[in-house]
Amino acid sequence: MFKLDKLGPIRQSLEAIVGPENVRTDEAEILMYSYDAGMARARPEVVLRFTAADQVAPVIKILHAAAIPFVPRLAGTNLSGGTIALKGGAILNLSALKKIHRIDTENRVAVVEPGVVNLELQNALAPFGFFYAPDPASQKVSTIGGNIGENAGGPQCLKYGVTSDNVEKLEVVTPEGEVKTWSYRDPGPDLMSFMIGSEGTLGIVTRAWLKIIKKPEYLQTSAAAFSSLDNAMLAVTKIISSGIVPRALEAMDSVSLEAAGGNSKLSLPNGTEALLIIELDGNDRTRLKETAERIETICAQNSSTYFKTAGTEEERETLWAIRKGAYPAMARLAPNVLVEDGVVPRPKLPEALKETREILSSYKLTASLLFHAGDGNLHPNIIFDGRDMQEVKRVKKAGYEILKSCIRLGGTISGEHGIGVEKRVAMAWLYDPKTLYFFKSLKTAFDPEGLSNPDKILPISVDNRHQVPVAPADLSAGAKTILDELRLRAKSGTKTLVLGSGTKIKASAHKVRPLRLKNLNKLLDLDRENLTVKAEAGIKITELKRQLREQGFALAVPGLEGSLGGTIAAKTFPEIRSLLLGLDIAMADGTALVLGGKTVKNVAGYDAVKLFCGSLGAYGIILSATLKILAADSAGDPRLEPSGEKKALAFEPRDYHYRLKKVLDPENLLNPWIYGGTG
Amino acid sequence: MSKYEINELYGSDSEDRHLKTLLTDLGERTLYDAASQCNRCGYCETVCPTYMLTGRETISARGRNQFVRLLLEGKAKNTGNAAEALNTCLLCGACTSACYAKVPTADIALEGRRSITGYGNSFFSKLAVETLLNAPHIFSIWLKFVYILKYLGLARLAGWLGLYDFLGIPALADAQKAVGKIPLRFASEILKKDPALSARGKTGAAWAYFAPCGPNYIFPEVALATARVLTKHLGEGVFIENSCCGLLANNYGRLEDAREFAKKNILRYEELKASLGDFAVIGDCSSCVAFMKTYEQLFTGDEAWRPRAAAFAKAVKDILEIIPPEKVTSSEKAQSAGIITYHDSCRACHGQGIRYEPRSVLKKLAGQQWRELPESDWCCGGAGAYAFTQSAMSNAILKRKLKNIASTQAKTVVVGATSCLIQINGGLKAAYPTATAIHYSVFLDKFGERIG
């Protein structure tokens with residue numbers, strides 16, 4: 001904690017930038033910024049309110065020079081304690097930065113400041129017939145800056161992706177006060193995407209270029225009731241794996257239904273245990289109708305007891321009112337509601353739900369289950385009274401048990417709410433110490449002094465007594481050979497040229513020892529129900545696409561030349577960012593790193609997967625990748641043959657690229673010429 | 001009582017100046033339980049005008065709730081620190097409308113205010129409230145004196161003499177700026193003498209008109225219009241010859257005085273009821289009406305008065321909700337009102353949930369000339385004395401309202417509360433002089449005809 005005298009000398013210069021009335025240290029302001037929507041509490045020492053985006057960088061420079069920690073904050077609605085100033089210091093109140101700079105429907109981009117409320121943006125886009133895809137439940141109040149910080153999702157992200165799939169470019173003030181503008185299309189590692197979901201620990205977004213989408217002409221919303229949750233979840237898996245991509249696929253259990261009055265509003269049959277709400281969108285009415293009929297058939301095959309498609313806008317609104325009314329109804333039953341946020345691969349939903357229910361009943365807690373079924377994202381809403389310490393303890397314990405169960409089932413601990421401070425401890429259950437150390441080193445590369453939202457996301461001290469045994473990375477024989485070889489080379493300091501299929505770099509071009517990944521060309525895992533594929537990096541894209549086609553699946557990547565790993569590492573198709581769920585990486589020293597996984601949503605830890613997009617093999621070697629695929633039924637889906645290969649742009653590494661290189665490959669052993677070594 | 005240990009915000013000697021319990025949407029609650037029902041989701045923030053204009057948690061709905069809670073929990077030590085947070089509350093209640101659990105933030109903020117040392121204790125406000133309570137005729141004389149000074153072009157002299165403060169209703173100070181005409185005969189004086197509105201000789205009445213201070217002292221034409229509209233649409237009725245409803249005393253720290261006002265009105269109601277049977281008590285200032293609908297809350301610690309207050313509150317109705325849309329038809333004259341829009345007075349839409357009825361009536365009367373006002377349920381910044389006590393914030397809020405009005409190109413803005421009438425007209429006069437705000441009753445009186 002810094003003392004007031006640390007602020008004293010810089011107070012005047014801060015006041016000169018933001019105005020004296022916006023540098024507040026009075027007791028009231030401090031108290032009012034010591035909480036957010038979560039349960040953690042800590043007092044900042046000063047609250048700085050910004051009235052123009054260009055005030056941020058000079059203020060950060062001053063705070064950095066004075067070694068005062070800072071936490072960017074907007075609406076303060078996050079559910080994980082992310083905006084709490086754990087080390088005191090300054091709260092950067094960015095809420096007044098709420099300009100919508102530009103709405104460009106031709107280039108399909110909206111340029112906004114971080115304080116713009118999600119719904120305000122939607123309202124501004126509506127007259128043009130456009131929308132911004134992420135639609136978190138809090139969209140009435142949560143801001144774009146906060147949505148970026150937490151990588152927010154929402155019901156619609158099943159079809160349109162989460163925040164990180166919908167950002168084009170970011171202007172960022174680094175923890176040292178420099179202004180950077182990064183796009184995921186920039187040559188080299190994707191620093192922009194790496195910022196998303198970093199909860200303000202890597203820098204502060206001051207301007208965002210967001211992807212906007214033309215509103216589909218028609219919506220078709222249906223409700224299906226089941227007498228068992230298991231059957232409902234089976235139907236979910238079947239719907240998705242049959243190639244249907246709903247705009248939203250939401251599920252409610254009987255407690256939620258009861259609370260929201262769903263049983264009587266829809267006259268559901270007695271004994272209803274689960275309700276699915278399935279919404280389709282598109283511009284072809286007949287097709288939508290057909291799809292809704294297919295959904296009805298699938299539900300019937302899984303013993304649905306009720307199915308109804310909304311015939312009017314009014315009926316549609318009734319369905320959503322039931323879904324959206326569930327949380328409010330719970331919020332009336334007790335002073336506090338804890339919304340858990342675990343994620344599992346979709347086919348594991350029945351098991352996850354069963355375990356969640358057992359945990360809740362063993363801790364004698366009342367909760368409703370309410371979730372984004374299509375994404376495998378579970379939101380048990382546990383009600384309690386935050387003043388009852390015993391009850392709070394039980395709620396916390398139950399919450400942790402639920403997260404552990406998600407981890408055991410191959411899932412993760414947060415789909416969209418973030419880690420903040422409240423789930424920090426669970427990071428050590430999900431990741432081994434090596435991966436945590438890796439995350440820590442990434443943070444240090446961006447924020448060497450540890451001033452930007454300190455002590456968030458990563459556990460302070462690693463306590464792996466509670467580590468949930470996760471299956472060790474099942475690396476293929478080929479991958480193990482690569483790791484062995486790298487270890488040997490690292491010992492002798494031999495530099496490596498990473499060679500995929502040889503379409504991008506020729507072995508003769510550099511005087512370093514090639515390492516060929518050509519034989520790393522197997523399809524490792526095709527999960528038909530989860531719609532994911534895991535394949536080794538050396539497999540050619542055309543070959544991967546062919547094999548998938550044979551099995552009745554498709555990959556939304558154009559028929560590129562070159563290998564899977566090469567395509568990712570050279571970023572020849574930047575949109576691959578939306579398909580990429582996980583990577584196995586061989587680091588320069590021969591250790592393996594498992595990043596991401598099979599879940600569609602994952603905001604646990606830094607999105608390091610993105611750093612390897614465009615890393616050109618200089619940060620680590622991609623051994624295998626897990627990607628989202630489509631069922632071939634989606635034929636005619638324009639996403640199947642997206643516009644072709646882009647020529648990789650010439651990459652000139654700059655400051656932050658070097659910083660990361662220093663952390664990831666300090667000896668400059670991999671593709672050394674990129675970062676100035678001759679090899 | 002709460003099962004948790006909490007700080008006392010006040011000593012037992014000032015219990016009379018506080019509410020015993022709050023009557024919330026979820027039932028009767030202690031202050032601590034009511035404030036703790038807020039789980040800090042923040043959904044109220046984007047409807048809170050003071051938060052939206054500043055982005056400061058400290059002057060937001062959630063912040064105000066938390067502040068009172070922190071005081072109760074002893075985590076905030078000094079009530080005085082809460083002054084800015086609590087005094088900037090418009091008491092508009094938009095937060096409660098947005099809240100899933102309907103946490104009564106305005107009531108919680110008021111309870112907090114009452115804990116601030118010295119709040120409501122100023123000599124002048126005490127004296128004025130007491131005069132209004134015990135000797136309304138003397139209050140009238142002072143007020144007329146102020147009005148005469150204004151009439152003679154000596155308004156500044158009145159200001160200089162501190163007369164507005166003396167009257168304890170600082171909104172009146174603004175009224176003298178914003179109101180063009182000044183009444184020298186108050187509505188109650190006129191209505192009292194109207195034999196048609198007298199209770200004498202009547203054995204029943206459909207309604208009793210309650211004249212709130214605004215229509216009574218500042219806009220008698222509104223009160224007279226309301227009486228005519230009620231007669232036209234509901235048949236025979238009476239003037240209740242009421243006292244002030246007590247809202248100002250309630251909001252400015254004099255809760256025990258507010259109870260006295262309430263008792264006077266309840267007694268008067270009971271007296272009339274004995275001879276007239278059941279009738280609706282209809283007022284034409286939504287702030288006062290909304291407050292009277294919550295009279296029961298004033299007496300949660302008083303078993304004798306509580307049921308009587310509840311019975312009174314049940315009879316209270318707002319002029320905005322009482323005229324059935326299907327019974328109204330437009331007269332030709334409505335053309336002259338130009339484009340018509342409606343501003344939801346906070347205490348009508350948030351305080352009483354009245355949105356549909358006045359809109360339906362106005363839409364019917366306005367026909368093609370109707371325009372929906374964007375953000376119509378955003379406070380105008382008037383909020384009783386707020387425009388005076390927090391003038392900078394009030395102006396900023398007003399500016400947004402005026403921008404929205406301008407976007408409709410309205411000539412006529414219909415409102416339902418005195419404070420809105422003063423505030424919006426003051427703003428329009430300066431920024432957008434082709435438009436005027438008029439009271440719902442006046443509009444109906446001019447342009448509405450009864451069907452059948």
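Visitor: How do the axes of α14 and α26 in chain B cross?
Guide: In this predicted model, helix α14 (residues 220–234) and helix α26 (residues 440–447) of chain B have axes that come within 8 Å and cross at roughly 55 degrees.

Visitor: Left-handed or right-handed crossing?
Guide: α14(B) passes α26(B) in a left-handed crossing.

Visitor: Which residues meet there?
Guide: From α14(B) you have B:Glu221, B:Val222, B:Ala225, B:Thr226, B:Arg228 and B:Val229. They meet B:Ser441, B:Val442, B:Leu444 and B:Asp445 in α26(B). That contact between α14(B) and α26(B) divides into five nonpolar, two polar and three charged residues.

Visitor: How many bridges between β9 and β10?
Guide: Four, with β9 (residues 412–415) of chain B and β10(B) pairing in the parallel sense.

Visitor: Zooming out, how many helices and strands in chain B?
Guide: Chain B has 26 helices and eleven strands. It runs to 452 residues, and 56% of them count as buried. Looking at contacts in chain B with a separation of 6 or more, 76% come from residues 24 or more positions apart.

Visitor: Switching over: how many residues does each chain give to the contact between A and B?
Guide: Chain B gives 26 residues and chain A gives 27. On the chain B side, the elements giving two or more residues are α3 (61–72) and α4 (83–87). The largest share of that side, four residues, comes from α3(B). By type, the chain B side divides into eleven nonpolar, ten polar and five charged residues.

Visitor: Now chain A. Why call β22 largely enclosed?
Guide: Because five of the five residues of β22 (residues 532–536) of chain A are buried, so the rest of the structure largely encloses the strand.

Visitor: Which way do its residues point?
Guide: A:Thr532, A:Lys534 and A:Glu536 point one way from β22(A), while A:Val533 and A:Ala535 point the other way. In a regular strand, side chains alternate between the two faces of the sheet.

Visitor: Which strands does β22(A) pair with?
Guide: One is β21 (residues 523–527) of chain A, antiparallel over four bridges. There, A:Leu523 has A:Ala535 in β22(A) as its bridge partner. Another is β26 (residues 621–628) of chain A, joined to β22(A) by five bridges and also antiparallel. On that side, A:Thr532 is bridged to A:Lys628 in β26(A).

Visitor: What's in the turn between β21 and β22?
Guide: β21(A) and β22(A) form a hairpin with four residues between them. In the turn, A:Leu531 has a positive phi of about 60 degrees.

Methods
Residues numbered from 1 in each chain as written. Chains lettered and ligands numbered in written order. Predicted model: local features only at pLDDT ≥ 70, side-chain atom pairs only at ≥ 80, totals over all residues. Contact = placed C-beta atoms within 7 Å. Nonpolar A, V, L, I, M, F, W, Y, C, P; charged D, E, K, R; others polar. Axes fitted to C-alpha atoms, helices over the stretch in contact; angles between N-to-C directions. Left-handed = near helix turned anticlockwise from the far one by under 90°. Pairing = 2+ DSSP bridges. Buried ≥ 20, exposed ≤ 12 C-beta atoms within 10 Å, placed from the backbone.
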